[in-house]
Amino acid sequence: MRLLRLLVPFLCLALSAGGTPTIQAKPEAIPPGHALFRAYGEEAGLGNLVPLCLDQDRAGFLWVGTEDGLYRYDGRRFVGFNTSDGLPSGYITDIVEDGHGVHWVGTFNGLARWTGSGFAAVPGLPAQTVADLAVGMDGRLVAAFPSGIFINPQEGAFEAVSGWKGGDPTALFVESSGIWAAGQVGGTLYLGCFDGKSWKSFPTDALKGHRIGGIQGDANGHLWIRTQNGLWSLDPKTSRLSENDSNLPVTGSRARLRMQPDGALLVPTDEGLWILKDGKWSSLGSENGLPSPLVRDAMEDREGSLWIGGLGLYRRLGAGLWSAYTKDDGLPDPAVWTIFRSREGILYAGTGKGLAEAGKDGWKAVSPLKGFALRSVVEAADGSFYLSTSPASILHWKPGQKAVDASYGVASGITAKRIFRLVLDGNGVLWAATEGQGILRADTSSHPLRFTQEDIPLGSKDETFTGLVQGASGRIYACGVNGLAVLQHGQWRRYTRQDGLKLDHAAFALELADGTFVVAYFESTELSHFKFGQGGALEPLPDLGGSKIRKEKVYMLGQDARGELWIGTGRGVFMGNDGTFQHFGTSDGLVNEDISNMAFWSDPGGNVWVGTSSGLARFDNSAYTGPHAPPPTVFLKVGFGAKPGSGIAESGTSVPHKNATLQAEVAGLTFLAEGNLHFQVRMDGLEDAWHETDSGEVRYPALSPGDYVLRVRSRAGDGPWGAEAVFPFTVLPSWWQSWWFRTLAVLALGGCVVGIIRWRVSALRRHNLELAALVHERTEALESANEALKNQSLTDSLTGLKNRRYLGATMPEDVAQVRRIHRELNANRLQRSHENVDLALVMVDLDHFKEVNDVHGHGAGDQVLKQVSEILQSATRDTDTVVRWGGEEFLIVARNAARKDAMVLVERIRARVEAHAFDLGDGSTIKRTCSIGFALMPFLCAEPEFMSWEEVVDVADHCLYVAKRSGRNGWVGVLPGMNVVSDQLGKHVGSHLPDLVKTPLVEVISSFSEGTKLDWWG
């Protein structure tokens, strides 16, 4: 596979979602998109939303200076500092860390130094506004005050830089040649460089009296000079100032400049952030995603995230890897189903409401195809396109024409419900994967087209095929309900579990550049990786997906120009190879985590395009440097005793026994895993294994005397663990644990042993009867305690409902009882006086619950879940059981239920949830709905032993997700048809339920209005 990564860029394979390789004739056109940002405010602990300056220290903390305090961010929350913490003023003007790791803060009333737990004002310096701070090549700090420029000698007090004649200094920059400074004396500007002995001044007439607010050097030895009205370049050798012609917007605040490690110059303005790199300008403003255009400072952290402060604090998600394209960027519809680039180099996106063409200014809708829901597009040899639409039809259109040439539907042989993918092979045969009509084919050399159904081995006339793709080998792979079909040399061959597939129902396949191929399945399971062996047999290869993919529902497979495999799921995309995969989601800049079926395109230049239900995402390969390093872990607080304080105790400290409770708080310093950071803790001297926590808080109470080492490490998501934070310490013994006290205690104890034994024998005789009574009493108490412990282990701690473990203990008895009743009814040994003899299994899921946590917080989400549990208990009988199934899902076991009346219960639940106003605990309320699926046990009354209760729950769960996909706020149930027997249904009803509902073998009951098409496939 390593060799493959070297070969793939030279193969120039443009692997589309269902077409043949294309040849790039023009440079890849990349339309402007927008970036996604996260805003930080009071909910994260940032108490002031007017950031003035930003900095990141070597440990990894982000520092934000505002008009009302300084804030430090550790990836979880901001901690504020103000005058009560030692700052001379809460108005922060600049922040910088010198070359020796000391953090300095300039304020309105002087300079302060970070002490480790707070700040201390620097003595001997003016109590004036700090205009600017800079760090020299030797690591020393230089500070500018209205009264002059001062330098830190590292030992002793700050010293004034002699000879300064620039009046009020406004900007600093330090390089190997010396200290550059700008100032203003009255209306005269001054720009000079101090070489350690004297100042050399430079002419400033070209600046036209505009105050200099920023100075920054570049790798070429040039200096950039920023005023409120423009940007200038200074060549120190010629003393010539040249105005930049970029027409930069003005800035109403201090005109800062920053040089990034990659050579990019960041220029904040009142109309966005302007970036100069390799002689080319770009900008980041409201037009491409920045929430507020006014920028006062910007910086890129060590993980590549761009932070912008102005009217709010913002972080660009994804470290610049992803760009988003939505309706605001010109797409006709947010849902993007297919992406491809034509032989002419034009990029197209098929959406739910038409085809979009990319241009230098963005996307524009292709007029002849407006309003069509386009699922797949392929290009013919003459440059025309075949496009599949929903409802099922195929269009023919040639770029440049004002109308569609032809539309093929029922009259042309297409009777399918949907057409998922198209493939146009080298012989001019157009292939279509359909829902309900198998694989269709048509010869494009003959017009009009006539589609016929292909005879697929082990297939049926109404089989559904979701995946269809042609590899570079010429093979066509078709993924259907009954297995994977492969066309080679004009012959189809079907592969199933008997041939090595993990499941018969294959969803998607992809041939890789090395000739092997991968298969994804309809159910959530790991991918399969094969090569063709002798006689076309499948030979399994090592799994490419790894454990990360095993639990994911896969919707997309693709391979980029570097040979990396891309896997799209309902939880974002995974990219990698050789079993090592990196996950990208919305927190990484992906526009949406709901990936559309096989909506993937890889440009030969390395860019990757991914379609989602909320827009199109572009992955910039040139910005990708590999997986991010695991986060380092730091201690925020370490203390001992009941009140450990707010600082960090000295490493290696000895702790008195009375204070032998350790309390610590840690942070994993990464900003790419906000809300998805995990910690492991281990105490050497007490435990041998790591234990995991998500809180970042550590507590070890009442430690015994001895030597200990606290170790903590963190990781982002399911990535690798980072370096450990280590804190060694010793707990001292108390006086009664010393050796001399123990020796005296042993001697004294020996002298008392004989008398105690004699007294004890006598006492035992007297208390035998009392002990017998006490044993009886304690036995009863122990039985009560065991019963309470059992109930606790079977109860959900948040809602008080029963949990899954409770079902495992009680359902066997309930199932045995209901099966026994039905056997007696079938044998006429029991008179049927009523029909309340079934178990109704009802799955309930709260709609859009994730939005509650994302918008209002997890505390509000917990309040909603508690109220849902109360609604469900009020809607059910005392004999019914409501179970917290997981997350926002609940399972109701309704005993003695009537088969014909099950819909009464589910409608009552649906209506009560819809009518309820959920109290979020802060005085506000929201409305929510739920989706419900149900089935009854036994599934077949005539065959009570058919299907376990777990399989019936699986059927109810399928119905639940059909209700969610079909519009939510409704219910769907499934009952067997009249006189149906188990042989007709087959095993594992839930796995092929979408096929059964099309037959009379099952009856679907739904709250959705007549005419609503239930989505059984997703």
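Aromatic pairs in this predicted model number 49, where rings of Phe, Tyr and Trp, the last by its six-membered ring, pair if their centres lie within 6.5 Å, with planes under 30 degrees apart counted as stacked, over 60 as edge-to-face and the rest as tilted. Let me take one pair as an example. The ring centres of W63 and W114 are 5.4 Å apart and the planes stand at 70 degrees, so this pair is edge-to-face. W63 belongs to strand β3 (residues 62-66) and W114 to strand β8 (residues 110-114), so the pair ties together parts 51 residues apart in sequence; strands are DSSP runs of E, at least two residues, numbered from the N terminus. Both W63 and W114 are buried, that is, under 20% relative accessible area with a 1.4 Å probe, protein chains only.

I turn now to a cluster. One aromatic cluster is formed by W322, W566, F584, F600, F619 and Y624.

Next, charges over rings. K553 places its charged end over the ring of F522, 3.8 Å from the ring centre; the criterion is NZ of Lys or CZ of Arg within 6 Å of the centre and within 35 degrees of the ring normal.

Finally, W690. This residue is in the loop between β60 (677-684) and β61 (691-693). Leaving aside residues up to four places away in sequence, W690 touches Q680, V681, R682, R711, V712, R713 and E724, contact meaning heavy atoms within 4.5 Å.

A note on conventions: residues are numbered from 1 along each chain as its sequence is written. Local features need pLDDT of at least 70, side-chain atom pairs count only at pLDDT 80 or more, totals for chains, interfaces and linings use all residues, and side-chain values use heavy atoms, with hydrogens and water left out.

Methods. Helix = DSSP H or I, 4+ residues; strand = E, 2+ residues; numbered from the N terminus. Buried < 20%, exposed > 50% of the residue type's maximum accessible area, 1.4 Å probe, protein only.
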